[in-house]
Number of protein chains: 2
Amino acid sequence: MLILLAEDERDLAELTIDYLASENIECDYASDGAMAVNLIANNHYEVIVLDVNMPKLDGFKVCQKLKNQGNTTPIIFLTARDNLQDKLKGFALGADDYLSKPFDLEELTARIKVLAKRKVNMPTSFQLDTLSVDFKQCLISRSQRRLSLSKTQWQLLNLLVKHSPNVVDKITIEDEIWPDQQPSKAMLKTLLFRLRKLLDFDGETTLLHTVRGTGVALRVDNNE
Amino acid sequence: MLILLAEDERDLAELTIDYLASENIECDYASDGAMAVNLIANNHYEVIVLDVNMPKLDGFKVCQKLKNQGNTTPIIFLTARDNLQDKLKGFALGADDYLSKPFDLEELTARIKVLAKRKVNMPTSFQLDTLSVDFKQCLISRSQRRLSLSKTQWQLLNLLVKHSPNVVDKITIEDEIWPDQQPSKAMLKTLLFRLRKLLDFDGETTLLHTVRGTGVALRVDNNE
DNA sequence: TGAGTACGTTACCTTTTGGTAACCTTCTGT
DNA sequence: ACAGAAGGTTACCAAAAGGTAACGTACTCA
């Protein structure tokens, strides 16, 4: 699970990030409001933890901005002051939860998990040529024909879809699918081969294009 | 908006009810856990506020009971003790929020409103193919045939219904059903096997679909 | 107290997978 | 044109995932 932590006290942030990591919650980190807005614009977080007091843009402003953009990611505010007015302001702005510092890391974790559990959205379906994919349902078909992918194949496809029609380079793929350590170079070759066999059969247009020396792209390519 | 307040201190309860009324939140009131369970069975509340310390059945027990029945109404715990262990226990049981006494009525109001807002109104009944389920009454049948599920089976079914027709990840299921500690991996297998035996018998369409490497989905799947 | 149920565990078997090596084929720089 | 590199294809095997059955313990309820 990936969340965003926006908090200007570095020590506290570091401590928090370490603790959350041990609970399998990965953190992106912003040390001020502007950075937070930026990260949020470019990433998908399951929960956003916002310190109220931050340089550049305070937590309230960040929250307001998100809500104005129609962003519905759950937000937890952190505040140094145990100030009722602040809390109410936070809730009025659409906060989903509120913690006063000092807080227990375990409690933060519990609250993050509660919020994450109820959220849903992700890019769910994708169409390209005669290929259609629904990641939520884990359904995929090419020209009406239902296909069945293995877990790793889904991962790879997901990556390709996310970047389509751009090229995803081999390193990126390897890091994503085998985060622990490098597989033999043959592995990717084989994985790709197997996925290709499933997607690009018979008379179908080729969708999985190798870019020699770089990586792979998922797209329709009329002239080649 | 109608909520349930379960709290054994009459004075506090009265005060709270009055205040909430001024905010257009109507309260049903239970002075002990057993009464709370009773009221919940016969009414529909948008939020349930549970005191942890109550005669008959304490707040935790009430919560557990609800979750076992597949009830998903948001729950806020109240506790006299500002005790982290209690909080964590509450969250583990599926609490959505937690307030320590003494609390500000305005804060309680704010939190109630937050929870009510995002409530997704789990439909009380669900139909799919020849399967029909009524969560409120805990009734389930397939092709007119009445089935009887255990509480864990209800929990699982509830989860599956909530996500249907999407795939529910094995991890999600395990976290939901055995929040405390990881069961042996065989447990889910067996649970699923048993539920499947109940739901997908004889000539009925398969509704419980395993997605290898990922999880399970409850849906009709015509072409596979 | 005793039958019945729920549920955790273990064991066994089948199917699917993920990794590897070996061997082609195509491309590229010199 | 040729050597090497990059990529494609295949076959093989061990491990993982899943389905099924059976067993024992604990709990429930009369």
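This is a predicted model: local features need pLDDT of at least 70, side-chain atom pairs count only at pLDDT 80 or more; totals for chains, interfaces and linings use all residues.
Residues are numbered from 1 along each chain as its sequence is written, chains are lettered from A and ligands numbered from 1 in the order in which they are written, and side-chain values use heavy atoms, with hydrogens and water left out.

In chain A, the side chains of A:Asp97 and A:Arg111 form a salt bridge with an N to O distance of 2.9 Å. Because A:Asp97 lies in strand β5 (residues 97–100) of chain A and A:Arg111 in helix α5 (residues 105–118) of chain A, this pair ties together parts that are 14 residues apart in sequence; helices (H or I, at least four residues) and strands (E, at least two) are DSSP runs, numbered from the N terminus. Both A:Asp97 and A:Arg111 are buried, where buried means under 20% relative accessible area, exposed over 50% and partly exposed in between (1.4 Å probe, protein chains only).

In chain B, B:Lys101 takes part in a salt bridge with B:Glu7, their closest N and O atoms being 3.1 Å apart. B:Lys101 lies in the loop between β5 (97–100) and α5 (105–118) of chain B and B:Glu7 in the loop between β1 (2–6) and α1 (10–22) of chain B, so this pair ties together parts that are 94 residues apart in sequence. B:Lys101 counts as buried at 15% relative accessibility, and B:Glu7 counts as buried at 1%. A salt bridge also joins B:Lys101 to B:Asp51, with the closest N and O atoms 3.2 Å apart. Here B:Asp51, in strand β3 (residues 47–51) of chain B, is linked to a residue 50 positions away, in the loop between β5 and α5 of chain B.

Between the two chains, 24 residues of chain A are in contact (heavy atoms within 4.5 Å) with 27 residues of chain B. Chain A and chain B bury about 2400 Å² between them, 51% of it on carbon and sulfur atoms, buried area being the accessible area (1.4 Å probe) that two parts lose on being put together, summed over both. Five salt bridges are counted between chain A and chain B, and the side chains of B:Lys87 and A:Glu107 meet in a salt bridge of 3.0 Å, N to O. On the side of chain A that touches chain B, the elements that give two or more residues are α4 (84–92), β5 and α5 of chain A, and the largest share, eight residues, comes from α5(A).

Around DNA strand D there are 18 residues, the closest being A:Lys170, A:Lys189, A:Gly213, B:Lys170 and B:Lys189; a residue is near a strand if one of its heavy atoms lies within 4 Å of it. A polar side-chain atom of B:Lys189 lies 2.7 Å from a base oxygen of DNA strand D, while a backbone N or O atom of B:Gly213 lies 2.8 Å from a phosphate oxygen of DNA strand D.

Technical notes. A polar contact is a pair of N or O atoms within 3.5 Å; within protein, one must be able to donate a hydrogen and the other to accept it, and residues adjacent in sequence count only if both atoms are side-chain atoms. A salt bridge is a side-chain nitrogen of Lys or Arg within 4 Å of a carboxyl oxygen of Asp or Glu.
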